[in-house]
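Colleague: I would like to learn how to read a sheet and the helices around it, step by step. Could we go through one example together?

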Amino acid sequence: MQIGVLKEAFPGENRVSVTPDTVKKLAKLGAELVVEAALGEGSGFEDQEYVDAGAAVASNRSDLLAKSDIILRIRKPETDEIGHLKQGCIHISYLDPFNEGDLVDALAKQGISAISLEMIPRTTLSQKMDALSSQANLAGYVAVMMAANRLNRILPMMMTPAGTLKPAKVFVIGAGVAGLQAIATAKRLGAKVTAFDTRPVVAEQVRSVGAKFLEIDLGETGQTKDGYAKELTPEQVEKQRQGQKAAIAESDVVITTAQVFGRKAPVLVTRDMVEVMQPGSVIVDMAAETGGNVEGSVAGEETVVNGVTIIGQGNWSNNVSRDASQMYSSNLYNMLNEFWDKENKSFALDRENDIIKGCLITHAGAVVNETIKRRS
């Protein structure tokens, strides 16, 4: 079974889906690995490292698409590439299936078994395959480092003969994987950290990493069975905004991570809140790519509003692409290894398995994922 690994074509994307170390592991399973030339140049992996690990290197992308039984990549395929895929092949990547209906239909029409990594269920067994979480962990770290770099003061308290500098105040909205890592990183750097999440169940987690949890009574909230925050009503969103306003006003750094899976991110920081922050303060909108939590943020850009820098860069883990590649590659290996038929040396697409049921979007010419079918 040939596994083809594609170089990411998206501008500025430096991560790779498979590292040389993972090639070695997959080769031991009996897989034939073929990687696209210059696959790892953005993360510092040379073609020769892949060859030494047991892979072949291909320079013809179309040929690699046509011959591979499994395709591994990070980002969703371009629509014009789908026709080049081998019919019946297994394609594993992010797909954004809630918002990419035409892409999903095209994959089904080509007979592709498309696995969407965003849709992997959040269960104990699947944690090792959860690429969303592994990348979000790094994203939370990067968000704090970016904020520290743009802020016009230091994060920790510092006592010097010239006087004492108070610690910077950091406010994190959303205590999921990215938010908790942002909290922990800001604490390690010496900041005074406060956090809020609509899910009261995470309050103890926030406190466990040394932050204060901001209490706001929103009424009945909670989380989905997969651990995501449920969408708030307009009334609850307004209560959250008002409850956060004082914390935002006195913060040097605000980091927003609030997203609703498969939907536009809620706007939680309005322009009037930005304008009461001190000039030189920083806001990092980690949801900018999905609509943004901050009024005035622009996906992929930095903007300045009333002296406050708003960072909406996106693709956060790409800033630490080598580590991000290592973690993503490990997620893919864990998935392949979990369902690998060692006798036949092939990937066994067990459609009765709960993990496969959750993340398999198209198969045998049809959209088979029940959640995506209900949304279409």
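Modeller: We shall take the sheet and then some helices.

Modeller: This is a predicted model, in which local features need pLDDT of at least 70 and side-chain atom pairs count only at pLDDT 80 or more, while totals for chains, interfaces and linings use all residues. Residues are numbered from 1 along each chain as its sequence is written, and side-chain values use heavy atoms, with hydrogens and water left out.

Colleague: In what order do the seven strands of the open sheet lie?

Modeller: As a general idea, strands of a sheet pair through backbone hydrogen bonds, either parallel or antiparallel. Helices (H or I, at least four residues) and strands (E, at least two) are DSSP runs numbered from the N terminus, and two strands pair if DSSP finds at least two bridges between them. Here the order is β11-β10-β9-β12-β13-β15-β14, with mixed pairing. Because β11 (212-213) and β14 (302-305) each have a single partner strand, they stand at the edges, and one side of each is left without a neighbour in the sheet.

Colleague: Which way do β14 and β15 run, and how many bridges join them?

Modeller: They run antiparallel and are joined by four bridges, with valine 304 opposite threonine 309 in β15. Two residues lie between the strands of this hairpin, where asparagine 306 takes a positive phi near 55°. By contrast, β13 and β15 pair in the parallel sense over three bridges, and isoleucine 283 stands opposite isoleucine 310.

Colleague: Are Val308, Thr309, Ile310 and Ile311 of β15 buried or exposed?

Modeller: Buried means under 20% relative accessible area and exposed over 50%, with partly exposed in between (1.4 Å probe, protein chains only). Val308 and Ile310 point one way from β15, Thr309 and Ile311 point the other way, and all are buried.

Colleague: At what angle do α6 and helix α7 pack?

Modeller: Axes are lines fitted to C-alpha atoms, for helices over the stretch in contact, and angles run from 0 to 180 degrees between N-to-C directions; contact means heavy atoms within 4.5 Å. For α6 and α7 (residues 177-188) the angle is about 40°, with the axes 7 Å apart. That makes α6 oblique to α7, since angles under 35 degrees count as roughly parallel, over 145 as roughly antiparallel, 65 to 115 as roughly perpendicular and the rest as oblique. Residues that meet here include Ser133 and Ala136 in α6, and Val177 and Ala178 in α7.
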